[in-house]
Amino acid sequence: MHPQSKNDKVLGWEVHDHLVSLGIETPMITPERPTDERLELLEESFENIMRVLGLDLMDDSLKESPKRLAKMYLNEIFWGMDYHHFPKCTAIRNSLKQVDVHGSFVLEKGIRVSSTCEHHFVPIDGKATVAYIPREKILGLSKMNRIVEYFSKRPQVQERLTEQIKAAMSYVAETSDVAVFIDATHFCVKTRGIQDVGSTTVTLSVGGVFAEDNSDIRREFLNLARMS
């Protein structure tokens, strides 16, 4: 089950509409069936897949696997497809009026990215660095992690994931000054196809002053993001 203890579905659907307006929403449809029925259908589908592969579902080790897979897909690795689970983004008023927006920002690095490639349904594993310049709002630090986690828990491509995190951060923090850097290993590259075990994929999305060419704040963000 998704780990959020506090959710904000109203904010979630606002963010959904914002992503749609930007053309960066995940291609998905609203489910027509309740959760219990969806779990049953997923379980049946996994039974068929396993049988076609030639697995014996009467074996003690395998007979519960379709049920486990159904619960895992719906409740664990893809719960970020449901905006009812969007995290509550607690914020306080920014009283630091003396902050120079061209020299100060809030940055969190080493945020775990655990997602799933939508082309081959194998893991994407990496780290994100997220920064923003507070305007009227200051977000609780854990909310940056929660936003990364939420958009990671759905079938993804890394480019879109990076854009979604930036757009959501910009929307909830009410600032265009947001930067997102992701460095991740794709198991569709590591374990199949080219089977390159050493390469990683880096994506960057920046807005506001972070997008200014040759700006000191952009260089500082990239330097911090690239540091191990």
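Select Phe 121 to start: it sits in the loop between S2 and S3. This is a predicted model. Phe 121 is partly exposed, because its relative accessibility is 39%, between the 20% limit for buried and the 50% limit for exposed. Now check its backbone. Phi of Phe 121 is near 55°, a positive value in a residue other than glycine. Most residues other than glycine have a negative phi.

**Zoom out**

Show the whole chain as a cartoon. The protein has seven helices and seven strands. Trace them from the N terminus: the order is α-α-α-β-β-β-β-α-β-α-β-α-β-α. Along the principal axes, the C-alpha atoms fill a box of roughly 70 × 40 × 30 Å. Colour by burial next. Of the 228 residues, 40% are buried. Then turn to contacts. Among those with a separation of 6 or more, 72% join residues 24 or more positions apart.

**Helices H4 and H5**

Select residues 141-152 for helix H4 and residues 158-173 for helix H5. How do their axes cross, and at what angle? The two axes come within 10 Å and cross at roughly 140°. That angle makes H4 oblique to H5, because only angles over 145 degrees would count as roughly antiparallel. The crossing of H4 past H5 is right-handed.

Show the side chains where the helices meet. From H4, pick Met 144, Ile 147, Val 148, Phe 151 and Ser 152. From H5, pick Leu 161, Gln 164, Ile 165, Ala 168, Met 169 and Val 172. What kinds of residue make up this contact? Nine are nonpolar, two are polar and none is charged.

**Stop at Val 148**

Stay in helix H4 and centre on Val 148. Is Val 148 buried or exposed? Val 148 is buried, because its relative accessible area is 0%, under the 20% cut-off. Now show what surrounds it. Leaving aside neighbours within four places in sequence, Val 148 is in contact with Ile 111, Arg 112, Val 113, Ala 128, Val 130 and Ile 165. Ile 165 is one of the H5 residues you picked at the helix contact.

Draw a line from the C-alpha of Val 148 to the C-alpha of Thr 162: the gap is 8.8 Å in space. In sequence, these two residues are 14 apart.

Jump to Asn 214, in the loop between S7 and H7. Asn 214 is exposed, because its relative accessible area is 66%, over the 50% cut-off. Its phi is positive too, at about 60°, although Asn 214 is not a glycine.

**Finish on helix H7**

Select residues 216-226, which form helix H7. Which residues of H7 are buried? They are Ile 217, Phe 221, Leu 222 and Ala 225. These four lie on the same side of H7, because they cover an arc of only 135° around the axis. An α-helix has 3.6 residues a turn, so residues three or four places apart point the same way.

What do the buried residues of H7 pack against? Their partners are strand S2 (106-117), strand S3 (123-132), strand S6 (178-186) and strand S7 (201-206).

Key: Residues are numbered from 1 along each chain as its sequence is written. This is a predicted model: local features need pLDDT of at least 70, side-chain atom pairs count only at pLDDT 80 or more; totals for chains, interfaces and linings use all residues. Side-chain values use heavy atoms; hydrogens and water are left out. Buried means under 20% relative accessible area, exposed over 50%, partly exposed in between (1.4 Å probe, protein chains only). Helices (H or I, at least four residues) and strands (E, at least two) are DSSP runs, numbered from the N terminus. The arc is that of the directions from the helix axis to the C-beta atoms. Contact means heavy atoms within 4.5 Å. Axes are lines fitted to C-alpha atoms, for helices over the stretch in contact, and angles run from 0 to 180 degrees between N-to-C directions. Angles under 35 degrees count as roughly parallel, over 145 as roughly antiparallel, 65 to 115 as roughly perpendicular and the rest as oblique. A crossing is left-handed if the near helix is turned anticlockwise from the far one by less than a right angle, and right-handed if clockwise. Ala, Val, Leu, Ile, Met, Phe, Trp, Tyr, Cys and Pro count as nonpolar, Asp, Glu, Lys and Arg as charged, and the others, Gly among them, as polar.
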